[in-house]
Amino acid sequence: MAEPVGNSGLDRVLVLEVTRVTEAAAIAAARLRGRGAEKAADKAAVDAMRRELARLSIRGTVVIGEGEMDEAPMLYIGEKVGSGEGPEVDIAVDPLEGTTICAKAMPNALAVLAMSERGGLLHAPDMYMNKIAIGPGYAPDLVDLDASPADNINALAKAKGVPVSGITACILDRPRHAELIAAVRAAGAAVQLIPDGDIAGVIWTTDPEETGIDIYLGSGGAPEGVLAAAALRCIGGQIQGRLMPANDEERTRAASMGITDINRKFKLEDMASGDVIFSAAGVTDGSLLDGVRFNGEFAEVESIVMRSKTGTVRRVHTRCRDTSGGA
C-alpha cells in the first residue's frame with residue numbers, strides 16, 4: 001500500500017501504484033482472451049481493478065466508470081474508492097477497453113485508468129461523442145471538429161509538410177462512419193479502420209512515425225474520449241469532442257452531470273486539466289503495448305504510465321505472481 005501523501009495534490013508514488021491497478025485488471029481479463037465471453041472478461045477486469053484501487057491511499061471518486069450506480073455493481077460513476085486517506089482525486093476507468101477484441105483475442109485490448117486532482121476530469125455521461133485528435137507539435141486549433149474532413153486533412157498535411165496522400169486517419173469501423181470514411185479517402189488520405197479501442201487510436205496520433213496514424217476522426221464513447229484526453233494531457237496533442245445524445249434521457253443525464261450546453265465543443269483542457277496520471281496495460285498484443293504473457297505461476301505485463309506535471313512517460317515491464325486464477 002502506498003504511504004499517505006497529504007492533500008496538496010498527486011504524489012509521485014501514485015504513479016507506480018496506479019500502474020499496479022491496471023496491471024491487475026489486464027491479467028484478470030487476459031485469462032479470458034479468445035473465449036467469446038465479453039461480460040465475464042469485463043467483470044474480471046472490473047473486480048481486479050476495484051480490489052487494487054481499495055488499497056491506494058487516496059480519497060477517490062469515480063467520475064468515468066462502468067455506468068450509473070443502479071446499472072453497474074462496481075466502479076460506477078460516483079463510487080468512492082481508496083483507503084479514505086490521502087489526496088482527493090477524480091478517477092476515470094475503462095477496466096477493459098475493447099471487450100469484443102479481448103473476447104476474440106484480437107489486437108489492442110487494454111486496461112486503462114486516469115487519475116487527476118479533484119475537478120481535473122470531465123464528468124462525461126456514457127453516450128457517444130464526436131472526436132478529432134492529432135499529436136503534439138502543431139499550432140493550436142490546427143484542426144477543428146466543425147471543419148470538413150478535407151479541410152482538416154489538408155491543414156494537417158500542410159503543417160506536416162507532406163502531400164495529402166501522406167496522411168492516414170484512424171477511424172472506428174462502424175456503418176455510421178461510411179460518409180466520413182468516403183470523405184477522407186476523397187480528400188486523398190488513407191484510412192486505417194479499427195474494430196474497437198479508440199483510446200489507443202487517439203494515442204497513436206502522438207507517434208505517427210511509429211504507428212503510421214496522423215489523425216483520429218469519428219464518434220465513439222464519451223468516457224473513452226475523456227480517458228484519451230487524459231493521455232494527451234500528459235504527452236501532448238490536441239483533441240476536441242462534442243456529445244451526441246440519442247434521446248431526451250441522455251440529454252437529461254448530461255445535464256445532471258453539470259453539462260448544460262449539450263452542443264458545447266470540449267477541448268483538451270476542458271476534458272483533462274491540472275496534474276493527471278494516465279496508465280494503460282496491454283491485455284492483447286497491439287501497436288501500443290504487448291499483451292499479458294503467462295508462464296506457470298507468473299504473468300508478464302507491459303504498461304505505459306504518464307504524468308502531466310513532469311511530462312514523464314514510462315514503459316514498464318512487470319513480472320509478477322498471477323493471482324487471478326488459472327484457466
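## Where α4 meets α5

Pro149, Ala150 and Ile153 in α4 touch Leu180, Ala183, Val184 and Ala187 in α5 (contact means heavy atoms within 4.5 Å). Sorted by type, the residues of this contact come out as 7 nonpolar, no polar and no charged; Ala, Val, Leu, Ile, Met, Phe, Trp, Tyr, Cys and Pro count as nonpolar, Asp, Glu, Lys and Arg as charged, and the others, Gly among them, as polar.

This is a predicted model, where local features need pLDDT of at least 70 and side-chain atom pairs count only at pLDDT 80 or more, while totals for chains, interfaces and linings use all residues. Numbering starts from 1 along each chain as its sequence is written, and side-chain values use heavy atoms, with hydrogens and water left out.

## How the helices cross

The axes of α4 (residues 149-160) and α5 (residues 178-187) come within 9 Å and cross at roughly 45°. That makes the two helices oblique to each other (under 35 degrees is roughly parallel, over 145 roughly antiparallel, 65 to 115 roughly perpendicular, and the rest oblique).

## Strand β13 and its partners

Now for β13 (residues 298-307): 9 of its 10 residues are buried, meaning under 20% relative accessible area with a 1.4 Å probe, protein chains only. β13 runs antiparallel to β11 (residues 276-282), with 5 bridges joining them; strands pair if DSSP finds at least two bridges between them. Here Ser279 has Val305 as its bridge partner.

β13 also pairs with β14 (residues 312-321), antiparallel over 10 bridges, and Arg307 partners Thr312. Their hairpin has 4 residues between the strands, and Gly311 takes a positive phi near 70°.

Definitions and conventions
Axes are lines fitted to C-alpha atoms, for helices over the stretch in contact, and angles run from 0 to 180 degrees between N-to-C directions. Buried means under 20% relative accessible area, exposed over 50%, partly exposed in between (1.4 Å probe, protein chains only).
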